[in-house]
Amino acid sequence: MNSTTGPVFKVVKKHHVQLYVKPNTTKTASNGEAEVWVDGVRVIQRTGVCFMGIDYSRVDHCYFSSFYGGNDPSWAPSKTTQITFGNAQVYAGKPRAIVQ
């Protein structure tokens, strides 16, 4: 299943986000996986992904960003915005319990 639903984040609300990533096994294999849950609801599931073009099949860092999309100023927010990332935890393997 490869699916994505619409926007999931609400203004001025805390959200619980869980991410599962299974890297591809070789640099040419398209067998990687990714799933994202927001507040206990799976919003993204991707299979058959080639994340990396190198023979290195482990995750060794994480990057947080609040990118609005687009490639010109019309995509920019109309006022100053803020996002806070907190309580980040890293586990090996797929989440056993999805927080509702």
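**Figure 1. Overview of the predicted chain.** The model is predicted. The chain holds four strands and zero helices. Of its 100 residues, 17% count as buried. The accessible surface of the chain comes to about 8,300 Å², and carbon and sulfur atoms account for 56% of that area. Among contacts between residues at least 6 apart in sequence, 48% join residues at least 24 apart.

**Figure 2. Confidence along the chain.** The mean pLDDT of the chain is 78, and 79% of the residues reach 70 or more. Confidence is highest in strand β4, at a mean of 89. Confidence is lowest in strand β1, residues 3–4, where the mean is 52. Where pLDDT is low, the predicted coordinates should not be read in detail.

Figure 3. Strand β3 covers residues 32–38 and is mostly covered, with six of its seven residues buried. Strand β2 covers residues 17–22. Strands β2 and β3 run antiparallel and are joined by six bridges. Strand β4, residues 41–49, also pairs with β3 in the antiparallel sense, over seven bridges.

**Figure 4. Valine 38 and valine 17.** Valine 38 belongs to strand β3. In β3, valine 38 is the bridge partner of valine 17. The two valines are 21 residues apart in sequence, and their C-alpha atoms are 4.6 Å apart in space. Valine 38 counts as buried because its relative accessibility is 6%, under the 20% cut-off.

**Figure 5. The salt bridge between glutamate 33 and lysine 22.** A search of the whole structure finds two salt bridges. In one of them, glutamate 33 pairs with lysine 22, and the closest N and O atoms are 3.8 Å apart. Glutamate 33 lies in strand β3 and lysine 22 in strand β2, so the pair ties together parts that are eleven residues apart in sequence. Both side chains are partly exposed: glutamate 33 has a relative accessibility of 22%, and lysine 22 has one of 33%. Side chains of opposite charge can pair when their charged atoms come close.

**Figure 6. The salt bridge between glutamate 35 and arginine 42.** Glutamate 35 forms a salt bridge with arginine 42, the closest N and O atoms being 3.3 Å apart. With a relative accessible area of 3%, glutamate 35 is buried. Arginine 42 is partly exposed, at 36%. Glutamate 35 also stands opposite glutamine 45, a residue of strand β4.

**Figure 7. Aspartate 39 in the hairpin of β3 and β4.** The hairpin has two residues between its strands. Aspartate 39 is placed in the loop between β3 and β4. Its phi is near 50 degrees, a positive value in a residue other than glycine. Most residues other than glycine have a negative phi. Aspartate 39 has a relative accessible area of 25% and is therefore partly exposed.

**Figure 8. Asparagine 87 in the segment after β4.** Asparagine 87 is found in the segment that follows strand β4. Although asparagine 87 is not a glycine, its phi is positive, at about 55 degrees. The relative accessible area of asparagine 87 is 69%, so this residue counts as exposed.

**Figure 9. A nonpolar patch on the surface.** Leu19, Val21 and Phe51 make a nonpolar surface patch of about 260 Å². Leucine 19 has its place in strand β2. Its relative accessible area is 54%, so leucine 19 is exposed; the cut-off for this class is over 50%.

Methods:
Residues numbered from 1 in each chain as written. Predicted model: local features only at pLDDT ≥ 70, side-chain atom pairs only at ≥ 80, totals over all residues. Heavy atoms only, no water. Buried < 20%, exposed > 50% of the residue type's maximum accessible area, 1.4 Å probe, protein only. Patch = residues over 30% accessible without salt bridge, like charges linked within 9 Å, V, L, I, M, F, W, Y side chains within 5 Å. Areas by Shrake-Rupley, 256 points an atom, 1.4 Å probe, with all protein chains shown as cover. Salt bridge = Lys/Arg side-chain N within 4 Å of Asp/Glu carboxyl O. Contact = heavy atoms within 4.5 Å. Pairing = 2+ DSSP bridges. pLDDT = per-residue confidence, 0-100.
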